Amino acid sequence: GSAQDTVFQAHGRLWEEHRTLVETVVLDFMPILSPNAVPPVVPTDEHYAADNPPGEFGQWNMKLIGAEEAWDLSKGTDVIVALIDPEGVDTSHGDLSPIQGGVTFNHPPPLPAAGQAPTVFDTGQNTPAFSHGTGCAGILAARMNNGPNEEKGVAGLACECTLLPIRAKNRMPTEWGAGIAYAAITGRAQVISMSFGESYAPLK
């Protein structure tokens, strides 16, 4: 058959062209990853497991998306993840993966031409410890199995990535755009995470 055939087209052509020689053609599938193929990776971080400490919900979200099986394949090693947030990230927090710099965009000029890096107005984050961006950074890049105290008590989805925090201080569209351009061109990020919104409703 043609090199451009899909597996389904090849299956059909084999049956049509050779039905006098072949009794039947069975198209079988080999799964890329079976849930039972590898044991799950279960972090030992204090606040990962449900009810440990008692009364906490734990990181149920990681179990829900199959992170424990995915961690056997990758924990984000050698991947740069940019996090763009209006409140920035506490880059001194002890539970986060290695930080690559950190910049703040504060009323930047219009976006640069395609392929050109934007002008950085401020270096650093100047962010309080308990910021929205720091929480998002923990979901992404909190290091796994790195200590029993409360500060080091969760596991991030890409717990071995390099984190690039970018603050869009005034929530302006030009700041978001400049942050994306900076992440892709200057920071060479493979992944960009942005969490927008002004309010939330507690889960019930």
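**Close-up views of a predicted model**

**View 1. Helix H4 and its strand neighbours.** The buried residues of H4 pack against strands S1 (80–85), S4 (162–168) and S5 (191–194), contact meaning heavy atoms within 4.5 Å. Helices (H or I, at least four residues) and strands (E, at least two) are DSSP runs, numbered from the N terminus. This is a predicted model, in which local features need pLDDT of at least 70, side-chain atom pairs count only at pLDDT 80 or more, and totals for chains, interfaces and linings use all residues. Residues are numbered from 1 along each chain as its sequence is written, and side-chain values use heavy atoms, with hydrogens and water left out. Seven of the 10 residues of H4 (132–141) are buried, so the helix is largely enclosed by the rest of the structure. Buried means under 20% relative accessible area, exposed over 50%, and partly exposed in between (1.4 Å probe, protein chains only). The buried residues of H4 include Cys 136 and Leu 140.

**View 2. Strand S4 and its pairing partners.** Six of the seven residues of S4 are buried, so this strand is largely enclosed by the rest of the structure. S4 pairs with S1 in the parallel sense over six bridges; two strands pair if DSSP finds at least two bridges between them. Ile 84 stands opposite Ile 166 in S4. Strand S2 (103–105) also pairs with S4 in the parallel sense, over three bridges, and Thr 104 stands opposite Arg 167 in S4.

**View 3. Ile 65 in its loop.** Ile 65 is found between helix H2 (60–64) and helix H3 (67–70). Its relative accessibility is 56%, so Ile 65 counts as exposed.
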